[in-house]
Protein chains: 2
Amino acid sequence: MTGDTGGAQAPLRSASRVTLDDVARHAGVSAATASRALGGGPHVAAATRERVRAAAEELDYVASPEAARLAGGPTGRVAVLVPHPSRWFFGELLEGLEGELRAADLDLVLFRVGGPEERAAFFARLPARRKVDAVVVLTPVDETEHARLASLDVAVVAAGGRVAPYPSIAVDEHAAGRQAMDHLLHLGHRRIGMIDVEDAGRPDGRRAAWEAALRDAGVGPDGDLVVTVSADGEGGADGMARLLGLRSPPTAVFAHNDEIALGAVRTLRRAGLRVPEDLSVIGIDDHPLAALTDLTTVAQPVREQGRRAGELVRAALRGELDQQAATLPTRLVLRGTTSPPAAPR
Amino acid sequence: MTGDTGGAQAPLRSASRVTLDDVARHAGVSAATASRALGGGPHVAAATRERVRAAAEELDYVASPEAARLAGGPTGRVAVLVPHPSRWFFGELLEGLEGELRAADLDLVLFRVGGPEERAAFFARLPARRKVDAVVVLTPVDETEHARLASLDVAVVAAGGRVAPYPSIAVDEHAAGRQAMDHLLHLGHRRIGMIDVEDAGRPDGRRAAWEAALRDAGVGPDGDLVVTVSADGEGGADGMARLLGLRSPPTAVFAHNDEIALGAVRTLRRAGLRVPEDLSVIGIDDHPLAALTDLTTVAQPVREQGRRAGELVRAALRGELDQQAATLPTRLVLRGTTSPPAAPR
DNA sequence: TTGAAAGCGCTAACAT
DNA sequence: ATGTTAGCGCTTTCAA
């Protein structure tokens with residue numbers, strides 16, 4: 001009945017009873033000095049610092065974050081608000097972020113804020129309250145939510161997109177969209193559809209790029225050519241079907257992201273249409289499966305955005321929020337789903 | 001130079017200065033009683049408990065987890081060791097896990113243990129020490145690593161695969177492999193290749209299923225038909241290329257997972273071969289892109305495995321590690337990448 | 001049933 | 001440059 005494997009049964013007590021006092025004693029100094037030495041504080045002789053470090057190492061000392069925090073120090077934890085951990089984009093962001101935070105000895109605490117109820121629950125209860133030194137948001141945040149976050153009274157940074165008032169690491173969505181659109185236009189396409197996602201209606205986003213590119217090319221954008229779908233393959237498939245149902249379907253499609261683009265390609269194949277001969281498709285992201293499916297796309301450095309967000313957090317915690325925002329470059333990746341339109345009209 | 005937006009500048013102090021003492025005073029009791037009342041402790045009059053609860057509610061009191069922990073309580077945190085957060089499988093696992101932990105008011109702290117150096121660093125420094133009540137491993141753990149984890153002195157559970165000595169939630173790898181292989185055999189294939197991953201050489205795993213299925217079908221397994229690759233699309237593409245280079249290539253391929261299968265399909269298409277007419281391909285997972293690419297596969301409930309692991313953690317923290325392991329079902333999903341072999345030999 | 005008192009392990013003044 | 005002294009906010013004996 002009671003377990004036989006290595007799991008802990010009883011009230012689960014913490015291991016490593018080595019305290020700062022032990023280290024201090026071992027190094028022949030006071031706890032205060034040991035604290036300063038380890039914490040990188042001022043007024044510690046280099047030799048002393050080294051001695052304390054050695055003692056800590058030898059005793060395999062690990063500070064109690066609880067006690068540190070309680071005594072006024074930082075928690076050593078960073079909350080990350082992520083909508084969909086299972087989507088490649090967010091996983092990649094998380095990976096970059098985790099690496100950078102870990103390097104700074106900061107723990108990453110994951111909070112999922114996907115559906116409306118989850119969001120509401122998070123912002124209502126604010127489970128991160130008093131538990132973290134900073135928050136990284138990987139999702140847009142509205143006015144009300146911003147106010148709630150502000151009540152946490154910690155630094156907030158954004159990654160993977162601009163989020164209203166926070167320092168952020170992102171790509172230029174508009175520029176990325178232009179790269180995609182200009183490629184299609186350059187190939188000779190004029191009737192270009194867009195499969196966009198629900199809430200991405202930023203004024204300087206991908207959708208705006210679609211419109212601007214067409215205007216610049218002297219083509220009056222046709223509102224019928226924009227469909228709005230969920231941000232996944234299913235959405236892309238649906239969106240493409242809707243575009244195909246148009247009286248005059250497009251000769252090329254710009255998808256909000258690669259998953260959507262792949263969904264679009266699937267609908268086209270099912271409809272017996274050839275890609276790119278009959279219809280060109282381009283996405284954004286450079287998802288690993290884009291290479292596998294030979295999808296033309298605009299690549300963005302996702303993991304790097306996460307990493308840089310980690311740097312932003314570290315800077316903020318040092319009290320130097322130097323850069324308010326950074327924009328990373330995107331680049332067109334030519335593959336096999338785009339070509340000149342079939343029949344010149 | 002100093003920021004102008006809403007970020008916190010100064011030493012980042014915590015919000016919510018309402019303490020237990022405030023609540024106690026408000027309710028006209030002592031801090032000790034308030035603590036017992038809120039914490040569900042014994043020896044508190046129902047009326048008193050209610051009064052304290054009301055006071056806490058009114059003051060919007062949030063207990064300091066730091067202080068609670070320091071005074072002997074649990075941390076309310078669970079560490080999760082994940083190899084590749086950006087891979088769909090792990091993201092999905094994380095999502096399920098997070099939901100269940102959140103419901104129990106447990107925070108999920110993410111530790112990436114991908115490459116060998118990362119693993120080594122984690123197990124050497126054990127950054128989760130003293131910080132969590134339990135650990136969830138989403139990756140195999142060897143003897144040495146197990147010993148290190150044990151030194152944490154907290155409950156450990158596994159998800160997404162059996163991990164030696166821990167309670168775990170997983171699917172039956174062998175059965176899943178058999179489902180895939182039996183499907184191919186049933187279609188009439190006899191020369192079936194396998195693209196497996198590096199370290200997945202569990203004795204009761206997918207590879208063993210490949211072999212067992214062939215033997216049961218009266219086919220002597222040909223070792224040349226097994227190639228070992230990295231667990232992603234690139235690996236699948238490479239593996240398929242190697243199989244095509246064989247003197248006598250297979251008529252069907254069983255891929256360790258869907259990403260690998262998609263990579264294999266890509267190589268086939270590039271080689272001018274038709275799928276499934278010339279060669280059938282089956283994967284495992286039911287990755288969202290499998291539906292989009294019409295890939296036949298064996299589906300496993302990934303998110304559910306994460307969720308169930310969360311339940312396991314909750315049970316462990318209550319001191320009742322009831323179930324030592326649970327096995328979730330898999331099911332064959334017929335799509336368009338498998339068919340009977342072209343030329344009966 | 002309730003209260004008083006003693007820490008948990010650490011950091012931050014303030015002294016020296 | 002280092003040591004001393006107070007707490008941080010809570011839980012938990014132990015008394016009442």
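A salt bridge is a side-chain nitrogen of Lys or Arg within 4 Å of a carboxyl oxygen of Asp or Glu. By this rule, a search of the whole structure finds 52 salt bridges over all chains. The structure is a predicted model. In it, 68 residues of chain B are in contact with 65 residues of chain A, and a rotation of 180° relates the two chains.

**Symmetry of the two chains**

- Chain B is superposed on chain A by a rotation of 180° with 0.3 Å of shift along the axis, and the RMSD is 0.8 Å.
- This is the relation of a two-fold axis.
- Within chain B, B:Val109 has the C-alpha nearest the axis, at 2.3 Å from it.
- Both copies use the same surface, since 96% of the contact residues of chain B recur in chain A.

**The interface between chain B and chain A**

- The size of an interface is often given as the accessible area lost when the parts come together.
- Between chain B and chain A, about 6200 Å² is buried, and carbon and sulfur atoms give 52% of this area.
- B:Glu66, B:Arg130 and B:Leu292 supply 13% of the area that chain B buries against chain A, more than any other three residues.
- Across the interface, 20 residue pairs are in polar contact.
- Several elements of chain B each supply at least two residues of the side that touches chain A, among them helix H4 (65–70), helix H5 (88–103), strand S2 (107–112) and helix H13 (302–317).

**Salt bridges**

- Side chains of opposite charge can pair when their charged atoms come close.
- Twelve salt bridges are counted between chain B and chain A.
- One salt bridge between the chains joins A:Arg129 to B:Asp60, with the closest N and O atoms 3.7 Å apart.
- Within chain A, the side chains of A:Asp222 and A:Arg191 form a salt bridge with an N to O distance of 3.1 Å.
- This pair links distant parts of the chain, 31 residues apart: A:Asp222 lies in the loop between helix H9 (206–216) and strand S7 (226–229) of chain A, whereas A:Arg191 lies in the loop between helix H8 (173–186) and strand S6 (192–197) of chain A.

**The sheet of twelve strands**

- Twelve strands form an open sheet with mixed pairing, in the order S11(A)-S5(A)-S4(A)-S3(A)-S1(A)-S2(A)-S2(B)-S1(B)-S3(B)-S4(B)-S5(B)-S11(B).
- Strand S11 (325–328) of chain A and strand S11 (325–328) of chain B stand at the edges with a single partner strand each, so one side of each has no neighbour in the sheet.
- From one strand to the next, the twist averages 25°.
- Strand S4 (residues 155–159) and strand S5 (residues 168–171) of chain B run parallel and are joined by two bridges; B:Ala159 stands opposite B:Ile169 in S5(B).

**The sheet of six strands in chain B**

- Chain B also holds an open sheet of six strands with mixed pairing, in the order S7-S6-S8-S9-S10-S12.
- Its edges are strand S7 (226–229) and strand S12 (331–333), each of which has a single partner strand, so one side of each is left without a neighbour in the sheet.
- Neighbouring strands of this sheet are turned by 20° against each other on average, direction ignored.
- Strand S6 (residues 192–197) and S7(B) run parallel and are joined by four bridges; the bridge partner of B:Asp196 in S7(B) is B:Thr228.
- Helix H10 (residues 233–244) of chain B packs on this sheet and touches S6, S7 and strand S8 (252–255), and the direction of the helix makes about 150° with that of S7(B).

Definitions and conventions
Residues numbered from 1 in each chain as written. Chains lettered and ligands numbered in written order. Predicted model: local features only at pLDDT ≥ 70, side-chain atom pairs only at ≥ 80, totals over all residues. Heavy atoms only, no water. Pairing = 2+ DSSP bridges. Axes fitted to C-alpha atoms, helices over the stretch in contact; angles between N-to-C directions. Contact = heavy atoms within 4.5 Å. Least-squares fit on C-alpha atoms with pLDDT ≥ 70 in both. Buried area = accessible area lost by both parts, 1.4 Å probe. Polar contact = N/O pair within 3.5 Å; in protein donor to acceptor, adjacent residues only side chain to side chain.
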